[in-house]
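Student: I have a model open and would like to learn how to read it. Could you take me through it, one feature at a time?

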2 protein chains.
Amino acid sequence: MPTYTAPIKDMQFLLHDMLKINDSDVPGYDELDREFTAAVLEEAGKITSEVLAPLNQVGDVEGCRFENGVVSTPTGFKAAFDQVREGGWTGLDCDPEYGGQGMPYILATAVGEMFSASNQSFTMYQGLTHGAYSAIHAHGTDAQKARYLPKMVSCEWTGTMNLTEPNCGTDLGLMRTRAEPQDDGSYKITGTKIFISAGDHDLADNIIHLVLAKIPGGPKGIKGVSLFIVPKFLVNDDGSLGARNGVSVGNIEEKMGIHGNATCVMNYDGATGWLLGEQHKGMRAMFTMMNEARLGVGMQGLSQAEAAYQNALTYARERLQGRAVTGAQNPDGPADPIIVHPDIRRSLMDQKSFTEGARAFIFWGAEMIDRALRLQDQDAHGLISLLTPVIKGFLTDRGYDMTVQAQQIYGGHGYIEEQGMSQFTRDARIAMIYEGANGVQALDLVGRKLALDGGKHVMAFFDLVKGFIKENGDTEALKEDFLDPLKGASKDLQAAAMFFMAEGMKNPNAALAGSTDFMHLFGHVCLGLMWSMMAKTATEALAAGASDVTFYETKLATGRYYMARQLPATKMHLARIQSGADTVMALDAENF
Amino acid sequence: MPTYTAPIKDMQFLLHDMLKINDSDVPGYDELDREFTAAVLEEAGKITSEVLAPLNQVGDVEGCRFENGVVSTPTGFKAAFDQVREGGWTGLDCDPEYGGQGMPYILATAVGEMFSASNQSFTMYQGLTHGAYSAIHAHGTDAQKARYLPKMVSCEWTGTMNLTEPNCGTDLGLMRTRAEPQDDGSYKITGTKIFISAGDHDLADNIIHLVLAKIPGGPKGIKGVSLFIVPKFLVNDDGSLGARNGVSVGNIEEKMGIHGNATCVMNYDGATGWLLGEQHKGMRAMFTMMNEARLGVGMQGLSQAEAAYQNALTYARERLQGRAVTGAQNPDGPADPIIVHPDIRRSLMDQKSFTEGARAFIFWGAEMIDRALRLQDQDAHGLISLLTPVIKGFLTDRGYDMTVQAQQIYGGHGYIEEQGMSQFTRDARIAMIYEGANGVQALDLVGRKLALDGGKHVMAFFDLVKGFIKENGDTEALKEDFLDPLKGASKDLQAAAMFFMAEGMKNPNAALAGSTDFMHLFGHVCLGLMWSMMAKTATEALAAGASDVTFYETKLATGRYYMARQLPATKMHLARIQSGADTVMALDAENF
């Protein structure tokens, strides 16, 4: 069975060596000194490796059950959920007014990676709840907040997001679910929602569904969509649970992965709901959840890659096959461990350089979110908005590839379910699809975010890269291995953006045909920047006489690998982008 | 449920327009005129789309069962297997002396693609049998051939390959299964083999296992391995079945995919076996099966990509979401079909240009095999030996990626098992692993095949590309879109080979660290060559006034896409290769 060990040392390196969060001006970061974060991360590491990771395969094999209208989660999930809840892990960054611990988002991010890596299906129950909490916190009335949030912070009640219907996913304007206003100010919600993660289960006393629906007579299409709070059990004024609401589970889906999380068809039959936020402004409220969810899903790409990598590494050190081409490394054994073989190394280095780069990207992004939330820093808000589709799309595409590579290291054993490597790829696969399929992320990036505020945020990103290169250009240890390749990759990204501007004016297809390539190009430049920042940090630590020389030298070596072996992808993506839309759009639909 | 339609028109284009097989000097090709191949392909298309494809998902959902030591296949497999057998499909290219139809390999290849695309798990039962047939045909005594081959040609008896053991897969020198010589000339085989595809089932009266084992006292390692025929039921001299042999199924594996094929743990407990070929020359005999099997597995990469693409295309034409950015294409409907969106197009064109290019590559390779087999053409033999790891490794890596892209087109519906798109990716995944994991293919290519016969075969490949470019350099319609990019890509391949020669002398790791990239670079050049050849064929057909203008223009447009959008990958692979082994091998194993 696969195991999981929280990468605490790497996380501490990012938080304190690279980002130096404790010296930051972000309110709340003053509490986050090295000892405090170590204590939190160690506790989180314990519960995730000892409680959640051992349940990961159980969840995959057993799956959820749907009998007589009731959904049950796999053996052990309920006890573990109670333990997580009692440990206070569900409200780490929630508002203290509602029972949360008020910690910065960056700390919740580090903890969240561990939860997601150890058991993605399990963690989704609390993840969806957090999303619903955020939407109610941002858009609810005081009465709504008081009624729902305390129980959601503690996960005594969980939450869901209900967007998709059989006939619409990406294009929510086609929605059919309707909300009829009632005399008492409530609404009667009727319709069918599909693919509802954590839609029902036996982990909590109540489930607070957030449901998108149309109020009859409202504007057509996406502009007529409103958001509603629809609890599974109605909540009395004293907070006790009342009657069962008119919402039921039609079925649970058989899926490729995340078997431990119940993906439900939800039937709303005149269910009582209450408007959350304004009428017809449902998408705005829903986006509060969706942006957070997209960053969380991007993290799943990293998380599954990390968990798969850890196990592939162990296997590569233990499995004996063949001899090193440069001479036996394990002469007393029957063969050498496969980690001696260059192609196995290549694969492990792909994985290692991706996961560490992705972690830096996500932590760096988390600090930006804290700046936006806690300092109302509009530049930080703009930059993280621009990068959200990159974090979601690039990290889940690449994260999935890495789980496939990790599985490959096991050879035939990777294909056998008992070994658990297949589960990482099957679980990671969903992250490329949900919360907006990655093609939609690419569209959001190229069609919307690039030009947002007159292109201000993408210019800010380029300035950031240029500034970093200029500032560190005299550091010999960085120049050739890091800054030069970063400069080249960044130029490729600029050339692609220029191509979109020049050609996109004449033909919008020219930009959109290159959108997925642009998202990947952007992602590589971001990871190139992250590796350059980590290399600078490591170089400084070594110069300052850090005791753990091996750790910092390994960091530098891993970064050099990324710059030499992964960053050349930018040239390929640019060439594809610059080939334009002609070959992409050449065929009539019937001639395929 | 997914459907499958045999791509007969495309196959006929390759056989008769591009390869012009009927004009060839290969013995047997004179029979293969347009009408004859059409008749065979149409019949094969019928049985695969009407009988095998509908059983594909049944096989996935039900899987095989193992009860009381007996393996049963999914509902309908037995009846379909009988139908396939009675139709004469199992012996298409087998020796007429043993009941085969003696058709060229190229025709069996075209039919084989359909079988594999419609139901990979099912087709493996006959595929493994064919491999065992080939090994006995090449290395068996006349008595062995007479005893086993007629029943194997008809698949009344099936066959298996037994290589892997719990402690060894790639490194067969570590093998523990032993074969003790008996006085009557037979051997007693004892040991455990794992991952034995089609190892047991209820489709045939007998199963002829080919088993690698060591004769005590023989040479150490791989040089002491011999191959044995070990039937499930002993065969009497009159051909009737005798006693059950000492071979049994220990278990069947729970796998990520190919659930319809039983992957068995086989226990040999003093089972009676007979030497096939010479003592200690087992690997040579096994390679007869393995090369054929590797080409067959390469075809699985194409097959699953083709089946997945067909369904993704249908979905993209029917699913309505959003509007074309250049204006509504389906103004009377609630939304446009998603095929209007550039990023969906990009994905479909990736798939289409891959599958058609891969099919050309495989058919072209099949002709080379026929030349080697039927004309004893040593150059053809050398070239196909060189390209076998490219066909296996590149086509299964890329084929898998294409199934992932096809699944992605379905959005959330692609993750639901009921839709069947997940099965294509899960089934395609094994092809990257079995018959030598793709990293081993890359090692075979770079470590062995490149330098074979003094590098003669890779030089022949370069000459072929150069010759084609030179010969067609005056054709304006080909130059810019096809020949120039092909020339560039081929130069990248030469540069990579030169790098290996120069650096590999000093440090073998420098070549091996780039082996997977080289395999992909080589694959892209091969598909670039195929697309150039197809474009030449299509251009000529149009110039000659062919009636089906749309077909040939579509072929040209699809080729232009591949050259513009896929071939730029060669630059990335070359850059990675030229970065050498330093960053790959930098870390000590304990510092990962």
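Student: How many residues apart in helix 8 of chain A are Asp343(A) and Arg346(A), and about how much of a helical turn separates them?

Tutor: Some ground rules before that. This is a predicted model, in which local features need pLDDT of at least 70 and side-chain atom pairs count only at pLDDT 80 or more, while totals for chains, interfaces and linings use all residues. Residues are numbered from 1 along each chain as its sequence is written, chains are lettered from A and ligands numbered from 1 in the order in which they are written, and side-chain values use heavy atoms, with hydrogens and water left out. Now your pair: Asp343(A) and Arg346(A) are three residues apart in helix 8 (residues 342-374) of chain A, so about one helical turn separates them. Helices here are DSSP runs (H or I, at least four residues), as are strands (E, at least two), numbered from the N terminus.

Student: What do the side chains of Asp343(A) and Arg346(A) meet in?

Tutor: A salt bridge, at 2.9 Å from N to O. The term means a side-chain nitrogen of Lys or Arg within 4 Å of a carboxyl oxygen of Asp or Glu.

Student: Is Asp343(A) buried or exposed?

Tutor: Go by relative accessible area: buried is under 20%, exposed is over 50%, and partly exposed is in between (1.4 Å probe, protein chains only). Asp343(A) has 14%, so it is buried. Arg346(A) has 11%, so it is buried as well.

Student: How many salt bridges does the structure hold over all chains?

Tutor: The count over all chains is 76. Some link up into a network, which includes Asp10(A), Glu306(A), Arg359(A) and Lys555(A).

Student: How are the two copies related?

Tutor: In general, two copies of a chain are related by a rotation about an axis and a shift along it. In this model, chain A can be laid on chain B with an RMSD of 0.0 Å by a turn of 180 degrees and a shift of 0.0 Å along the axis. That is how a two-fold axis relates copies. The C-alpha of chain A nearest the axis belongs to Met572(A), 3.0 Å from it. The superposition is by least squares on the C-alpha atoms of residues with pLDDT of at least 70 in both copies.

Student: What is the area buried between chain A and chain B?

Tutor: The size of an interface is often given as the accessible area lost when the parts come together. Between chain A and chain B it is about 7,500 Å², with carbon and sulfur atoms giving 60%. Buried area here is the accessible area (1.4 Å probe) that two parts lose on being put together, summed over both. On the chain A side, Tyr415(A), Arg565(A) and Phe592(A) lose the most area to chain B, together 13% of what that side buries.

Student: How many residues of each chain are in contact?

Tutor: Contact means heavy atoms within 4.5 Å, and 91 residues of chain A are in contact with 91 residues of chain B. The copies meet through the same surface, because 100% of the interface residues of chain A are also interface residues in chain B.

Student: How many salt bridges cross the interface of chain A and chain B?

Tutor: The rule finds two. Arg565(A) meets Asp517(B) in a salt bridge at 3.6 Å, N to O. Helix 16 (residues 549-566) of chain A gives the largest share of the side that touches chain B, nine residues.
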